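Here's a quick walk through a few spots in this fold. Have the sequence and the 3D view open while you read.

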Amino acid sequence: MIDKFKTYIHLQGGHWIDVSTKHMIIYGAGQGCLDFLNEMVLHNIAYIIDSDQKKWDKEIELLNVIYKIQSPFFLSLLNLENYYIVISSNKEEESIKASIETYIPKDSILICNRQTLYLSYKRIEDLFYYDPLMKKKLLLTNMSFAIESVISIFKDSMRLFENITIDCFMPLREGGSKLTFLFGNENELWVFSFPGYHSGWEKIGIERDRKKNRKIRYELRKRIGVDKTITIYEDENGVLIQKYADDCIDFSKDEVKRTVLNKCYSLHQVNEVIDIKNDMIEHHYTNLTEKVLQRVSSSRDIIMKVNSKMIIVLDLLKKIKYTPQVCHCDLLCTNVVSYKGDLFFIDWEYMAMGDAMFDICRLLFSMGLKRQGSNNITYKNAVQNVYTMLRQDINIYLGRKCTDEEYLHAFLVMLIFECRGLYEEALIKKVFDIEKVELLINHINQIEKL
C-alpha cells in the first residue's frame, strides 16, 4: 500500500511539502499520540519523544511496533535533514515548539501538527478504498454504500478539467455532513463535495437533506452569487466543486472581523424569502440538552442546574421581536475562507430563514475560541473577551450604535452558544468542566445588569 500514496505537510500560505522520503518523529506519547495513530495509518514512524521525564525509556506499542520513548535531547543526536516532527497534542503546540528550540536550532527541522499532515493518492479509487480518514468520513456521512456512485459522479465532472492533469487526491478533515476531498496537481487544488445521508434532522427543524430544499438553496445561491468567484460547478443535487482556498486568516485582526461582519450584514439584507426555516433554539440548544441528559446522566444535577438558569435566557429570547432573514446557519471560522485577497463563506447546506443574530453570535463565539487556540490564552479569558467586545461588534455589524434591546438580543444568543459548547464538550468527555459551568452561570447572572 505504501507506493499508493505520498505524505505531505501543509504549511501556512498554501505551501505543501513532500515528506514521503523522510522519517517521522512523533512528539508526545500521551492520548493525542494514540488518537493520531487511530486517525491515520502511518508507515514511516522512526521515534517517539516526550518532555515528561517519567516516560523516558518506557515502551509504547503503535500499530504492532514497539517504540522506546526518548527524551527531547535525543533530537540533538540525529541528522535532522532525514526527519520531520509531528506534534500529537492539540493544545500544547506552541509550548512544545518552544521546548524543541532548547535542544536544536530553530528551523533546523520541519515541524507540523497532526491536522496538517495529509496522505495524497494518484487515483481516486485508492483514496476511497485505502485512506483511513476517508473511510471515517464515509461512515460519518453514511456513504459507505455509495462509493462507486460518487466516483462515477466525480469522473463525469472531469469534463470541466479536460486540459488539466489530475493526479492528486487527498481527504479533508473538516465537516461531517458531506463527503469532501481535495483533487488536483502540484500547482492547483480543488474541493469536491457531495451531500451525506442523515436521518432525524427534520425533528430539529433543519430539513437539510431533502432534495427539494437543496434545489431551493441552489437556486437562491445562483441568484445572489454569494461565492461565485470560487465556485467551479454546482448542481441542485448538492454536488459542488470549488477552488481550494487555503490562505491563512487571522481572525484577531480588526479589519478581518470588520470585513466578515460586513459580509454577514449584506447576506442578511438579501431581499428574498425561501421556503426553508431553521428553528435555531431547537437546533443549537434543546436537542443538545436532550442528548446530554441521555448520555451524561451521571451529571444530571449539573445539567438541571444549568437548565434552570437557561430557562431565564429562553423566556427572554421569546420576547425579542425579529424579522426572519436569509441566514447561513452554520457560520463558523472554518466556513470562512480567503481567496486572492477576498473572504468568502462556504458550506451553505443549512441556509434557511432564521434569526440573523444567531449567525452573528455563532461566528463571534467561533472567532473567540479560534483566538484562544492561536494565542494560547485560557478559555475563560477568550470567552470573557467575546462578551466584552460584543456591543462593539454588533455596532460594526449594524453600521450604527445598537439599541439596548439589540444588545440584549445578542447577549442572550451568545449564552446559547456558550452553553452549546459546554454541552458538546460534555458529550465527548462524558463529564462537565465545572469551571466552564460556573463561567456560564456567571454570564447568565449578568442579564440582570443589562
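This is a predicted model: local features need pLDDT of at least 70, side-chain atom pairs count only at pLDDT 80 or more; totals for chains, interfaces and linings use all residues.

**Helix 6 and its partners**

Let's start with helix 6, which covers residues 211-224, 14 residues in total. From first C-alpha to last, helix 6 reaches 20 Å, close to the 20 Å expected at 1.5 Å a residue. Which residues of helix 6 are buried? They are N213, I216, R217, Y218, L220 and R221. An α-helix has 3.6 residues a turn, so residues three or four places apart point the same way. That's a handy thing to remember when you look at the list of buried positions. As for what they pack against, the buried residues of helix 6 meet strand 13 (231-234), strand 14 (240-243) and strand 15 (325-327).

| Residue | Strand | Relative accessible area |
|---|---|---|
| Q70 | strand 6 (residues 65-70) | 19% |
| V86 | strand 7 (residues 83-87) | 0% |

Buried or exposed: what is Q70? With a relative accessible area of 19%, Q70 is buried, because the cut-off for buried is under 20%. Setting aside neighbours within four places in sequence, Q70 is in contact with I48, I49, D50 and W56.

V86 is buried as well, at 0%. Leaving out residues up to four places away in sequence, V86 touches M24, I25, I26, Y27, F36, C112, N113, R114 and L117.

**Where helix 7 meets helix 12**

Last stop: helix 7 (residues 254-268) packs on helix 12 (residues 390-398) at an angle of about 55°, with the axes 8 Å apart. The two helices are therefore oblique to each other, and helix 7 passes helix 12 in a right-handed crossing. Who makes the contact? On the helix 7 side, the residues are K257, R258, L261, N262, C264, Y265 and H268. Helix 12 brings D393, I396, Y397 and L398. Sorted by class, this contact has six nonpolar, two polar and three charged residues.

Key. Residues are numbered from 1 along each chain as its sequence is written. Side-chain values use heavy atoms; hydrogens and water are left out. Axes are lines fitted to C-alpha atoms, for helices over the stretch in contact, and angles run from 0 to 180 degrees between N-to-C directions. Helices (H or I, at least four residues) and strands (E, at least two) are DSSP runs, numbered from the N terminus. Angles under 35 degrees count as roughly parallel, over 145 as roughly antiparallel, 65 to 115 as roughly perpendicular and the rest as oblique. A crossing is left-handed if the near helix is turned anticlockwise from the far one by less than a right angle, and right-handed if clockwise. Contact means heavy atoms within 4.5 Å. Ala, Val, Leu, Ile, Met, Phe, Trp, Tyr, Cys and Pro count as nonpolar, Asp, Glu, Lys and Arg as charged, and the others, Gly among them, as polar. Buried means under 20% relative accessible area, exposed over 50%, partly exposed in between (1.4 Å probe, protein chains only). The expected span of a helix is 1.5 Å times one less than its number of residues.
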